[in-house]
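Work through the exercises below with the sequence and the model at hand. Each task is followed by a solution in steps.

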Amino acid sequence: MTDNKYELVCGMEVHAELKTASKMFCGCKNDPFGAEKPNSHTCPVCLALPGALPVANKKAIEWTIKLGLALGCKINLFSKFDRKHYFYPDLPKGYQISQYDLPFCYDGKLETSLGTVRIHRIHLEEDTGKLLHKKINGEDVSLIDFNRGGVPLIEIVTEADIHSPEQAKEYGKKLRELLRYLEISDCDMDQGGMRLEANVSLRPVGESGLPSYKTELKNINSFKFMEQAINFEMKRQEKKLIAGEEIQQETLGWNTTTQETFSQRSKEEAEDYRYFPDPDLPPVRFTQAQIDEMKASLPELPTQIVKRWEGEYQIEPRFGSKLFNTASEANILDSLFSSAKNKKVAVDKLASALVNKQISLPIVESDVEKTINDFSALHSVEDVDTVELKTTIEKILSDNPDVKEKYSRGEKQVLGFLMGQVMRVSGKKLDPAAVRATILLSLEE
Amino acid sequence: MLYQEFSTMTDLNKLTLKKAQKLVAEKEVTAAEIQQACIDKIKEVNGKLNIFLSHLDAPVTASEGSLHSLPIAVKDNVCTLDFPTTASSKVLEGYRPPYEASIIRKVKEAGGVILGKTNLDAWAHGSSTETSDFGRTLNPRNPDHLPGGSSGGSAAAVASDTCIIAIGTETAGSIRQPSAWCGVVGLKPTYGRVSRYGIAAMASSTDSPGPIAKTVEDAATLLDIMAGHDPFDATSNPAEHPVFSNSLNKKISGMKVGVLYQDLEGLEEVRPYIDAASKILEDLGAEVEYAQALDPHYAISVYTIAQRAEVSSNLARYTGIRYGNDRSHFGDEAKRRIMLGTHALRKGYADKYYLTAQKVRAKFALDFEELFKKYDVLISASSPTFAQKIGASESSSMFGELADMLQEPSSICGLPGINVPVFRDPETNLFLGLNIVAPAWREDLVIQFGDAYEKATSWNSWRNND
């Protein structure tokens with residue numbers, strides 16, 4: 001983009017597995033990564049045996065709407081599940097239960113430092129099984145593990161509002177932060193618990209409207225790789241556009257070794273999934289009152305919390321945002337800070353001690369007191385009275401005349417003995433570094 | 001000495017469910033003897049009639065319950081642990097489900113014994129039981145004729161006294177039409193009244209399992225056991241259902257009956273007998289009149305499109321990867337339906353076909369809503385004709401739709417209905433049936449009317465056993 005003739009037009013599709021206790025349409029345990037062996041978390045429903053029927057997971061629907069509300073989406077009061085047909089061995093029904101024209105959420109937005117990214121829609125569907133290609137007894141075989149089959153999966157689709165690779169990365173990270181904060185998804189990228197896709201095209205600077213083509217970057221499992229892939233793709237497309245060449249509609253992957261995108265599948269013909277409403281699942285209806293109630297019970301969002309802490313406790317936002325990932329963690333910190341404030345402890349210093357890992361974060365509510373005590377102890381260390389310390393050391397040295405001699409002979413282990421004596425005699429928890437420095441000074445005198 | 005009388009005077013396989021329950025409860029006979037009588041009868045006739053695809057070889061004991069280990073024949077699209085489940089398709093030949101249908105669990109918990117699995121049109125696609133991949137079933141009343149379908153095996157099992165009672169499934173006529181052709185009682189409950197869990201899906205939005213029985217009373221008894229909410233079927237009705245056998249032996253005087261479709265062409269064979277049945281209901285005190293409904297020909301279009309679309313989707317799971325037999329084992333009828341359904345759902349065509357069909361379906365629902373403002377029940381012939389000769393289904397790909405035409409309007413609306421036999425031709429020994437339809441969730445009304453009609457006539461040979 002040296003001459004800035006073209007600008008990036010990019011929309012993203014992010015899939016995330018919800019961490020509900022059971023799968024989307026059956027009672028099987030939703031824990032594909034923790035399963036003891038393949039196909040152990042399966043039943044007639046997620047194996048699509050003849051006669052088996054799906055029943056929708058209420059929690060998964062509520063969580064999808066929760067995310068939608070947190071992203072400022074509108075919620076469809078009448079929604080439904082549709083069958084999306086395609087053939088693949090990891091899809092046992094021959095169709096995926098998804099949502100076609102009436103997703104649970106639509107028209108939301110997520111703010112990035114590089115501009116607003118509008119959310120086009122969020123819908124709920126089921127994940128597929130996992131194919132494993134192996135060699136068994138010298139023969140190439142493909143195996144299917146259905147532990148992941150039927151795990152609730154949300155898809156968050158943006159408008160083409162992303163205009164730089166950096167913004168794509170920030171969008172992805174912010175979205176992951178929110179999903180983790182709401183405690184609805186672990187977003188484990190390595191295991192495929194969160195999957196990124198970007199639709200990339202370029203248009204001449206100054207023009208608006210969508211370009212007539214796009215390439216799809218798919219199966220990329222880190223934000224960094226996504227950023228690199230978009231960067232590469234922009235350069236590749238720009239070269240072609242300048243040369244007057246046509247850019248093929250295709251699905252591309254990212255080769256981390258060669259640092260290049262590569263073609264996975266050309267997309268000349270639009271696929272026909274033969275969507276129709278799943279007759280096994282009654283439509284899902286909500287009243288506005290139910291949605292309002294869900295909105296009211298939504299936890300305070302991370303940016304709001306950080307802002308509030310700055311006002312209430314003078315905690316620097318850069319510290320505040322580093323202290324928690326989930327709403328539960330933020331809740332515990334809230335108790336910690338208010339309790340600390342009541343005890344007249346400097347909350348801003350407490351927060352920075354937490355960020356610098358001088359004391360550890362409270363894991364549960366009952367840890368709050370201990371954290372405050374740890375901080376106070378840490379605080380007393382900072383207040384070492386050097387004159388008093390020096391007097392103590394001098395006294396110990398005169399009580400133990402051989403020590404100084406030993407030290408000058410090179411027996412450095414006497415240091416440890418002296419440190420222990422100082423701590424014992426003073427009866428305080430002193431900063432070891434300060435004690436050590438003072439002892440060394442006295443020994444060298 | 002009573003026991004002696006029964007084993008010599010009466011064939012135990014001919015007992016109605018009600019009579020069998022009574023005799024076993026009173027220890028006059030044992031369930032094992034009744035099962036053995038049915039097994040003996042199966043061995044006698046099955047080679048010729050091809051009713052059962054699999055069956056018990058010796059009596060077994062079930063858990064305690066009101067069904068007292070009495071033998072029940074089950075359509076082979078219903079998953080059972082004790083027998084293979086094939087839906088009469090070679091694709092599933094030899095398949096043994098690792099789980100059983102909710103209705104099978106209920107029947108077993110009530111003390112029922114699954115006697116065997118009955119033949120059907122492959123995947124329940126048909127109205128003849130001729131399209132079974134395991135050979136056609138013949139009509140026990142007259143083996144030159146078809147039993148109807150798709151629950152032809154279950155209807156033939158009841159008609160041939162190879163069981164005490166049977167279970168069928170209906171999408172549009174698949175219980176009532178074979179019941180009519182075999183001269184037995186067939187009850188199709190409201191869609192959602194009986195769980196579909198564990199039944200190989202045909203058309204998911206209309207599939208309804210129900211009893212096929214010797215008497216209306218027997219059908220009501222088994223429906224009481226089969227019905228009710230199932231957490232495994234999201235479309236099953238969570239509401240408590242009434243005790244259906246409470247609707248027996250009730251007067252119908254003063255109630256209103258609308259007679260449908262009598263003016264249609266092609267009903268010549270059956271029309272006089274429906275008029276005669278109307279007269280009997282009138283004699284029982286009901287107010288009967290001709291009523292005008294939407295032309296059922298439109299229902300054929302709606303049903304054909306919606307059902308083919310759902311079939312093409314429901315059969316997508318038989319990928320050839322998992323059940324041993326690949327997709328080349330699909331019969332011609334299944335292939336036809338998969339192609340038609342796939343076409344109807346194609347991009348650009350779904351609006352034209354599938355969505356239009358859904359709109360017309362809604363029109364039918366409104367039409368019935370209007371009719372039920374005036375009438376308690378609606379009656380018509382169950383089938384336009386007597387049982388057709390063997391081979392008839394092969395001559396027309398729309399054979400089933402025409403045979404089921406009178407059932408399709410109410411079926412696409414999910415309404416309950418019952419077939420009760422109204423006439424037996426003494427020359428051919430073939431039957432005609434009356435179809436009684438009620439508003440959704442009012443199975444009690446079809447039972448009340450069916451029972452009243454049955455008891456006002458004397459032809460039901462089984463009732464004489466009671």
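The exercises concern a predicted model and cover its domains, a helix, a sheet and a chain interface.

**Exercise 1.** State which domains chain A is assigned, and describe the side of domain 1 that touches domain 2.

*Solution.* Start with the bounds: the assignment gives domain 1 (6-285), domain 2 (299-382) and domain 3 (386-444) of chain A. Next, take the C-alpha centres of domains 1 and 2 of chain A, which are 36 Å apart. Then list the contacts: six residues of domain 1 touch six residues of domain 2 in chain A. On the domain 1 side, helix α2 (residues 165-181) of chain A supplies the largest share, three residues. By class, that side has three nonpolar, no polar and three charged residues.

**Exercise 2.** Decide how many residues of helix α11 of chain A are buried.

*Solution.* A residue is buried if 20 or more other C-beta atoms lie within 10 Å of its own. Applied to the eight residues of α11 (401-408) of chain A, this gives a count of zero. Just after α11(A), A:G410 has a positive phi of about 100 degrees.

**Exercise 3.** Find the edge strands of the 11-stranded sheet in chain B.

*Solution.* Write the strand order: β1-β3-β2-β4-β6-β5-β10-β11-β9-β7-β8, an open sheet with mixed pairing. Within the order, β10 (417-425) and β11 (430-437) of chain B are antiparallel over eight bridges, and B:R424 stands opposite B:F431 in β11(B).

**Exercise 4.** Count the residues in contact between chains A and B.

*Solution.* Chain A contributes 24 residues and chain B 32. The chain A side divides into 16 nonpolar, three polar and five charged residues.

Key:
Residues numbered from 1 in each chain as written. Chains lettered and ligands numbered in written order. Predicted model: local features only at pLDDT ≥ 70, side-chain atom pairs only at ≥ 80, totals over all residues. Contact = placed C-beta atoms within 7 Å. Nonpolar A, V, L, I, M, F, W, Y, C, P; charged D, E, K, R; others polar. Pairing = 2+ DSSP bridges. Helix = DSSP H or I, 4+ residues; strand = E, 2+ residues; numbered from the N terminus. Buried ≥ 20, exposed ≤ 12 C-beta atoms within 10 Å, placed from the backbone. Domains from an automatic or database assignment.
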